[in-house]
Amino acid sequence: MSMKAATASPIAPMLTLVVLRLTMMCALVANTMADSNYIETFSVDQELGLSPGATEKKVDPNRSAFLQALAVRSDAMKQDNIHNAGFDSTDNDLAEPVNIKKRQEPQKYYACSVNARLENLTHARDNNEVIVELVQDTLRQTFFVVECIEEDICCRGIDTTRYTSECVQGTSNIMAWVFKTKNPRDIEYIPIQVKSRCYCELTEILHN
């Protein structure tokens with residue numbers, strides 16, 4: 001019994017010393033991790049151009065300081081973009097559009113009003129100003145017609161102190177199948193006059 005007590009007595013102080021050293025090591029590791037977290041946050045602030053410690057309060061222990069700092073910087077850039085785009089985001093990031101006037105395109109007008117359409121003409125004038133009948137029963141002939149809505153009227157946008165103007169109907173020669181005038185049973189392929197444009201004719205006013 002005396003020998004067991006003599007051998008056990010020096011072991012207890014050794015165990016106590018080991019436990020004390022382990023405790024000190026754990027405390028040292030904890031302090032080192034905290035310092036590294038601060039150093040990482042400080043370096044991220046410098047890289048993003050923020051004031052030191054700007055991201056320290058928003059660091060999530062489950063995420064790295066670098067990702068947290070990127071999120072903070074992204075929010076700041078988002079607010080700048082919204083402000084530059086003409087929005088007000090002072091109320092919980094709810095952007096309200098500012099009164100931005102859209103550029104109005106100038107209205108375009110024709111000098112003469114026209115009516116453009118596809119039409120199956122049944123009659124037309126040939127080059128001799130003779131009215132001919134077009135073939136439309138055995139074959140279908142369709143023409144693009146551009147007609148003045150009103151002829152012999154003044155054109156729009158003309159300086160009336162310098163010019164007189166008039167809307168004039170124009171025609172084009174288009175080939176078509178027509179019945180011969182002398183023998184309606186026969187057909188022939190000749191040019192006919194088709195209304196194809198409406199133009200403005202100007203005449204200069206001469207001042208004496």
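The structure is a predicted model. The chain has 208 residues, 18% of which count as buried. Its secondary structure consists of 3 helices and 8 strands.

**The chain as a whole**

- Read from the N terminus, the order of the elements is α-α-α-β-β-β-β-β-β-β-β.
- The chain has an accessible surface of about 16600 Å². Carbon and sulfur atoms account for 56% of that surface.

**The largest pocket**

- Rolling a probe the size of a water molecule over the atoms shows where empty space is left.
- The volume of the largest pocket is about 200 Å³.
- The residues that line the largest pocket are R117, E119, L121, H123, A124, R125, V145, T171, Q193, V194 and K195.
- Sorted by class, the lining holds 4 charged, 4 nonpolar and 3 polar residues.

- A116 has a relative accessibility of 46%, so it counts as partly exposed. The range for that label lies between the limit for buried, under 20%, and the limit for exposed, over 50%.
- Not counting residues up to four places away in sequence, A116 touches F144, V145 and V146. V145 is also among the residues lining the largest pocket.
- In sequence, A116 and V146 are 30 residues apart, while their C-alpha atoms are 4.4 Å apart in space.

**C148, a residue of strand 6**

- C148 belongs to strand 6, which covers residues 143-148.
- C148 counts as buried because its relative accessibility is 6%, and the label applies to values under 20%.
- With neighbours within four places in sequence left aside, C148 is in contact with S113, V168, Q169 and C198.
- C148 and C112 are 36 residues apart along the chain, with 7.2 Å between their C-alpha atoms.

**The two residues side by side**

- A116 is partly exposed at 46% relative accessibility, whereas C148 is buried at 6%.

Note on methods:
Residues are numbered from 1 along each chain as its sequence is written. This is a predicted model: local features need pLDDT of at least 70, side-chain atom pairs count only at pLDDT 80 or more; totals for chains, interfaces and linings use all residues. Side-chain values use heavy atoms; hydrogens and water are left out. On a 1 Å grid over the protein atoms alone, a cavity is a set of points where a 1.4 Å probe fits but cannot get out, and a pocket is an open set with protein on both sides within 12 Å along at least five of seven lines; lining residues have an atom within 4 Å of a point. Grid points are joined across faces, edges and corners, and a volume is the space filled by probe spheres set on the points. Ala, Val, Leu, Ile, Met, Phe, Trp, Tyr, Cys and Pro count as nonpolar, Asp, Glu, Lys and Arg as charged, and the others, Gly among them, as polar. Buried means under 20% relative accessible area, exposed over 50%, partly exposed in between (1.4 Å probe, protein chains only). Contact means heavy atoms within 4.5 Å. Helices (H or I, at least four residues) and strands (E, at least two) are DSSP runs, numbered from the N terminus. Accessible areas come from the Shrake-Rupley method with a 1.4 Å probe; for residues, only the protein chains shown count as cover.
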